[in-house]
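Please read the points below alongside the coordinates. They are kept to what can be computed from the atoms.

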Amino acid sequence: MSSASEPTAAEGRNGDLLVRIGGVVFAVGAVATLITFIPMFVGSEPFPPIAYGVSMLMGAGFALAGAGMIRDILAQRRRDRAARNGADTGSPAPGAMG
């Protein structure tokens with residue numbers, strides 16, 4: 001049995017996928033950033049500019065994960081607001097004549 005405060009399967013995945021994808025993209029960018037520093041330490045020719053472009057994925061992954069977190073936060077706020085409003089409708093308003 002699930003209560004009103006527990007997310008359903010669809011609600012639980014609101015931003016989780018974005019967070020996971022963002023983590024993978026961030027990791028790819030972080031590895032690319034580490035690889036682009038190798039020529040500096042070894043003293044060889046620098047990598048082509050595309051390697052530095054792949055390093056930019058680190059920021060894109062961070063942004064994706066952040067968007068997923070915001071999406072999860074907003075979904076939680078909607079669930080909490082719906083649960084609070086559902087609980088409020090069962091009782092009469094204070095001072096209501098009945």
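1. Basis of the note. This is a predicted model, in which local features need pLDDT of at least 70 and side-chain atom pairs count only at pLDDT 80 or more, while totals for chains, interfaces and linings use all residues. Residues are numbered from 1 along each chain as its sequence is written, and side-chain values use heavy atoms, with hydrogens and water left out.

2. Overall make-up. The protein has 4 helices and 0 strands, giving the pattern α-α-α-α along the sequence; helices (H or I, at least four residues) and strands (E, at least two) are DSSP runs, numbered from the N terminus. Of its 98 residues, 15% count as buried, where buried means under 20% relative accessible area, exposed over 50%, and partly exposed in between (1.4 Å probe, protein chains only).

3. Contacts and surface. Among contacts in the protein with a separation of 6 or more, 76% are accounted for by residues 24 or more positions apart, a contact being heavy atoms within 4.5 Å. The protein exposes about 7,400 Å², of which carbon and sulfur atoms supply 70%, with areas taken from the Shrake-Rupley method with a 1.4 Å probe and, for residues, only the protein chains shown counting as cover.

4. Helix 2. This helix covers residues 16-42, and its 27 residues reach 40 Å from the first C-alpha to the last, close to the 39 Å expected at 1.5 Å a residue; the expected span is 1.5 Å times one less than the number of residues. Its buried residues are Gly22, Gly29, Ala32, Thr33, Thr36 and Pro39, and the helix is followed by Gly43, whose phi is positive, near 85 degrees.

5. Thr36 lies in helix 2 and counts as buried because its relative accessibility is 9%. A polar atom of the Thr36 side chain lies 2.7 Å from the backbone oxygen of Thr33. Leaving aside neighbours within four places in sequence, Thr36 is in contact with Phe47, Ala51, Tyr52 and Ser55.

6. The nonpolar patch. Val31, Ile35, Phe37, Ile38, Met40, Phe41, Val42, Phe47 and Tyr52 make a nonpolar surface patch of about 910 Å², to which helix 2 gives the most, with 7 residues. Patch residues have over 30% relative accessible area and no salt bridge, with nonpolar side chains (Val, Leu, Ile, Met, Phe, Trp, Tyr) joined within 5 Å; a salt bridge is a side-chain nitrogen of Lys or Arg within 4 Å of a carboxyl oxygen of Asp or Glu. Val31, placed in helix 2, counts as partly exposed because its relative accessibility is 47%.

Notes
Patches are made of residues with over 30% relative accessible area and no salt bridge: like charges are joined within 9 Å, nonpolar side chains (Val, Leu, Ile, Met, Phe, Trp, Tyr) within 5 Å. A polar contact is a pair of N or O atoms within 3.5 Å; within protein, one must be able to donate a hydrogen and the other to accept it, and residues adjacent in sequence count only if both atoms are side-chain atoms.
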